[in-house]
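Have the sequence and the 3D view at hand as you read.

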Amino acid sequence: MWCTLLLAGALAAGTPVERLTLGSAVRLSAEREPTALAAEHEVAAANADADFAARLPAPMWMVGIENLPITGMDAGRFGADEMTMRMVGVEQMWPSAQMRESGRDAALAMGDVARVQAEAARRMRAREAGRMWVEGWRAAATARALRAEIAALDAAIAAATAMTKSEPGGSEEALMLGVERAEIEAMAELMDGERAAVEDWFAAELGTPVALADAPPLWTLPEAALLDAAIERHPELREAAAMRLQAEAEADMAQAQGGPEVRIAARYGARSDGRDDMLGLEVGVRFDAFTRDRQDARELAAHSRAEAAEARLAAKRRELIQLARSARAKAAAALAAHRRITDSLLPAADGHAALVRSRYAAGNATLGDALSAERMHYAHHREVLRLEGEALLALVDLYSLLPEWPR
């Protein structure tokens with residue numbers, strides 16, 4: 001929230017828009033996940049349902065007339081028959097403790113499912129925002145590298161144009177370089193469009209114009225043991241576990257529904273003409289004495305749903321483990337390749353380009369030699385950006401598995 005307010009304030013004051021970092025993009029997008037508010041209401045509803053399920057049903061109050069004659073000489077007369085009386089009473093159903101506890105547990109499990117579903121949705125939104133930011137950053141960095149290459153081509157085109165007076169091939173070389181420059185300019189404009197699309201996405205997400213930061217974060221590769229421990233606390237795994245608990249509670253409730261249900265009733269009857277008042281007490285037990293097959297089917301269905309939830313839990317654990325190992329291997333490979341290029345290949349390419357430029361300036365190399373060295377130099381720079389982007393995408397996938405995500 002504070003970052004958005006700063007951005008809005010900067011726009012109102014006419015100052016430059018604050019640069020959106022990867023960490024801010026992830027955090028702010030998670031905060032604005034629309035299902036979070038809905039989950040809060042669902043959790044509150046589940047807690048209320050749990051409180052309701054744990055209580056006894058509301059008593060039924062009764063009032064009426066008992067033993068009123070409806071035929072004969074005294075039909076419809078209240079005090080004519082000594083058995084006629086005004087009645088007031090109360091009846092209370094008394095479900096078993098197992099029934100009420102399992103109903104409470106099922107409702108609480110529904111709240112847990114809603115809670116972890118919201119957390120999972122926030123993580124997925126943050127992961128999507130992180131990947132969007134990386135793609136936008138890579139497009140912007142590639143556009144800057146392409147425009148540096150264009151500047152080198154402009155110098156080469158000027159040199160080739162100057163050669164036209166002394167060398168027959170200078171004019172053709174200048175034209176070919178002009179075509180190459182146009183192609184690279186088109187690539188740069190395409191990268192600008194991708195960056196602008198990402199910034200527009202974040203502007204709609206955060207409700208204010210943004211500009212992507214130029215520098216990527218310095219994220220390191222998480223340890224494999226840390227990832228394995230984090231998976232057990234991942235919201236998607238906890239969601240599957242909560243669904244299993246909900247199914248188990250529903251199975252217990254189905255089993256309890258086949259048990260006896262006690263009913264207690266008390267009635268007070270007032271008779272007329274000084275006759276004695278009457279008190280009635282009843283205790284009843286309701287159970288499925290003749291529907292055992294139906295109850296068996298209901299319990300079987302509930303237990304089958306619990307077993308299905310257990311199978312989903314195992315499948316989700318395996319899926320997350322595979323995702324973590326795949327993303328870590330991909331990130332490790334991209335980081336290793338990035339280090340090789342930046343530590344050895346890129347300095348060698350830079351040194352080679354500088355050497356050929358100096359030889360060309362001294363007249364000991366051709367323009368074509370200098371251009372070939374420059375092309376190799378810029379190709380390696382673009383490859384560095386590609387690998388850095390791949391590593392960052394894999395790291396976003398990895399960090400989205402950790403408990404502290406969003407960062």
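Helices α2 and α4 cross in a right-handed manner (the near helix is turned clockwise from the far one by less than a right angle). This is a predicted model, in which local features need pLDDT of at least 70, side-chain atom pairs count only at pLDDT 80 or more, and totals for chains, interfaces and linings use all residues. Residues are numbered from 1 along each chain as its sequence is written, and side-chain values use heavy atoms, without hydrogens and water.

Helix α2 spans residues 22–31 and α4 residues 97–163; they pack at about 150 degrees, with axes 8 Å apart. On the α2 side, the contact (heavy atoms within 4.5 Å) is made by L22, A25, V26, S29 and A30. Seven of the ten α2 residues are buried (under 20% relative accessible area; exposed is over 50%, partly exposed in between, with a 1.4 Å probe and protein chains only).

Now to the rings: the structure holds two aromatic pairs (Phe, Tyr or six-membered Trp rings with centres within 6.5 Å; planes under 30 degrees apart are stacked, over 60 edge-to-face, the rest tilted).

| Pair | Centres | Planes | Type |
|---|---|---|---|
| W201 and F202 | 4.9 Å | 90 degrees | edge-to-face |
| W219 and Y399 | 4.8 Å | 45 degrees | tilted |

W219, in the loop between β4 and α6, and Y399, in helix α9, are 180 residues apart. W219 is buried at 12%, and Y399 is buried at 7%. W201 is partly exposed at 22%, whereas F202 is buried at 0%.

Terms used. Axes fitted to C-alpha atoms, helices over the stretch in contact; angles between N-to-C directions. Helix = DSSP H or I, 4+ residues; strand = E, 2+ residues; numbered from the N terminus.
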